[in-house]
Amino acid sequence: MTAWQQGSIVEVTIVDLSNSGDGVGRWQGRVVFVPDTVPGDQIRARLIQVKSSFARGKLLQLLQPSQQRVRPACIVADKCGGCQWQPVAYTAQLVAKQQLVAAALSRIGGFQQVPLSRILAAASPLGYRNKATYPLVRSPTGQVKAGYYRKGSHKLVNLNQCPVQDVRLNPLLADIKADIQQQGWSIYSESAQQGRLRHLSLRIGRRTGQMLVTLVSAQPTVPDLEHWAAIWLERYPQLVGVCLNHNPAKTNVIFGPTTTCLAGQPYLEEQFAGLWFHITPTTFFQIHTEQAERLLEVIQTELALQGSETVIDAYCGVGSLTLPLAQRAQHCIGLEVQPEAVEQARQNAARNGLTNVEFQAGDVGQLLPQVAQTLPQPPAVVVLDPPRRGCDRTVLEALIALRPQRIAYMSCNPATLARDLQQLCQQGGYQLQAVQPADFFPQTAHVECVAFLVA
Ligand SMILES: C[S@@+](CC[C@H](N)C(=O)[O-])C[C@H]1O[C@@H](n2cnc3c(N)ncnc32)[C@H](O)[C@@H]1O
């Protein structure tokens with residue numbers, strides 16, 4: 001009889017998808033996670049990591065493929081770690097994301113009656129990313145590679161195009177990589193901590209078509225790069241700027257502190273929610289422009305601002321939520337830790353003629369209580385849009401003390417969202433009114449949500 005141990009070969013039917021993207025099956029009552037599988041697949045897998053209640057398996061054979069299994073749009077989908085769900089039909093991806101959000105809210109947040117709306121599907125599950133940042137490596141044979149890391153490893157899968165990025169970026173990826181190769185510029189080696197070029201970053205304004213190229217280098221200069229920046233600018237009419245970011249640190253953070261413009265301008269222009277934004281190489285902007293606009297519409301509808309409210313937008317980036325909200329509120333205050341983003345947010349406000357908005361640079365946990373003291377009464381609304389790790393305890397405590405009437409909490413991580421919502425409801429006495437998921441990241445296991453709370 002087959003034992004529950006490493007190396008055993010089991011046959012399972014995949015019934016679900018996990019938040020890390022793996023297919024989920026059951027064998028004799030215990031859970032088996034198997035990457036590269038689709039709900040409905042009947043498979044044979046080898047158990048490669050075994051715990052008492054679950055195991056991780058490696059797909060050995062597809063005994064009966066699921067009807068939800070599709071041909072991946074990407075030729076390296078089986079290797080590349082960029083996407084997890086290329087073989088999963090888009091409708092099944094949406095079902096899985098809806099279930100992941102529901103499960104996080106009930107299991108982590110403890111919400112039994114979840115007011116969860118149906119996920120907003122993307123108009124196209126391909127060609128949506130407005131930004132892609134590729135690590136660069138040189139292979140032992142001297143070939144320059146740009147791509148994403150292999151699933152579960154630090155080995156690079158070389159790409160000349162990527163089906164989830166905006167198609168207009170594809171030629172730049174292939175051509176600039178070839179130019180780097182031809183110029184013989186040195187490529188940074190993580191293990192030796194030597195060499196220059198670390199990343200190639202491409203950004204595009206979906207509405208304007210303007211593109212920005214940024215090379216990240218461990219050295220402050222790259223020989224002859226200015227000359228090549230001018231060539232690229234001429235070669236691609238939609239390319240508006242080429243920048244060099246200097247990152248000498250031993251780190252997996254992509255960008256370093258200094259960025260210089262080598263040709264053209266150090267930003268691209270984009271229209272978002274009817275407003276004009278300048279976007280630079282290193283500041284945050286949602287990677288799915290159209291879906292971000294749709295979620296903003298949901299926020300606007302749900303909040304139904306009357307023009308008399310004070311709104312705090314915490315974790316505001318370059319103001320892509322702050323400015324549209326300011327159009328319907330009396331006063332908006334954006335809080336953001338990255339000084340460069342704050343500077344851009346201020347300029348974006350001025351660019352759009354919005355004078356009822358201000359931005360403060362610093363940590364939300366510190367700024368929130370300070371800002372609260374300057375207001376005659378609590379703000380009507382606080383919008384939160386933290387990074388994946390969610391809000392620090394200090395932020396939630398400050399928020400509970402501040403007690404705004406309404407909170408809109410946007411998040412790309414259902415687990416930390418559910419954790420923070422639980423604290424706001426249990427300790428702060430808030431009520432969870434609605435949760436709207438939206439697919440910002442088709443072909444991956446990631447999902448965006450906005451949750452609405454009232455005091
Ligand atoms: C998910 S982004 C949201 C940005 C913006 N709301 C948008 O939609 O474009 C999170 C932002 O929070 C900022 N951030 C991260 N930690 C922070 C902190 N402790 N205090 C203030 N801002 C922070 C990041 O720099 C980033 O701009």
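How much of residues 3-61 is helix, and how much is strand? In this predicted model, the stretch is 0% helix and 61% strand. Its end C-alpha atoms lie 19 Å apart. The segment carries a name in the record: an unreviewed UniProt entry lists residues 3-61 as "domain: TRAM".

The chain as a whole contains nine helices and 21 strands. Its C-alpha atoms occupy a box of roughly 70 × 60 × 35 Å along the principal axes. The radius of gyration is 23 Å. A compact globule of 455 residues would have a value near 23 Å, so the chain agrees with that expectation. Buried residues make up 45% of the 455. Contacts between residues at least 6 apart in sequence were also examined. Of these, 61% join residues at least 24 apart.

Helix α1 spans residues 90-108, and helix α9 spans residues 414-426. Their axes come within 8 Å and cross at roughly 35°. The crossing is right-handed. On the α1 side, the contact involves Leu100, Val101, Ala104, Leu105 and Ile108. On the α9 side, Pro414, Ala415, Ala418 and Arg419 take part. By class, the contact of α1 with α9 has eight nonpolar residues, one charged residue and no polar ones.

Cys412 lies in the loop between β19 and α9. The unreviewed UniProt entry places the feature "active site" at this residue. Cys412 counts as partly exposed because 19 C-beta neighbours lie inside 10 Å; a buried residue would need 20 or more. Which residues does Cys412 touch, leaving aside those up to four places away in sequence? They are Arg388, His446 and Glu448.

Most residues other than glycine have a negative phi. Ala273 has a positive phi of about 55°, although it is not a glycine. Ala273 sits in the loop between β13 (268-272) and β14 (275-279). With 17 other C-beta atoms within 10 Å, Ala273 is partly exposed. Arg403 likewise is not a glycine and has a positive phi of about 55°. The loop that holds Arg403 runs between α8 (393-402) and β19 (406-411). Arg403 counts as partly exposed, with 15 C-beta neighbours inside 10 Å.

Is Gln143 buried or exposed? Gln143 counts as exposed, because its C-beta neighbours inside 10 Å number 11. The cut-off for an exposed residue is 12 or fewer. Gln143 is placed in the loop between β6 (131-138) and β7 (144-149). Gln182 is 39 residues away from Gln143 in sequence. In space, the C-alpha atoms of Gln143 and Gln182 are 10.0 Å apart.

Terms used. Residues numbered from 1 in each chain as written. Predicted model: local features only at pLDDT ≥ 70, side-chain atom pairs only at ≥ 80, totals over all residues. Helix = DSSP H or I, 4+ residues; strand = E, 2+ residues; numbered from the N terminus. Rg over C-alpha atoms; globule rule 2.2 N^0.38 Å. Contact = placed C-beta atoms within 7 Å. UniProt positions renumbered as here; feature names shortened; annotations may be inferred. Axes fitted to C-alpha atoms, helices over the stretch in contact; angles between N-to-C directions. Left-handed = near helix turned anticlockwise from the far one by under 90°. Nonpolar A, V, L, I, M, F, W, Y, C, P; charged D, E, K, R; others polar.
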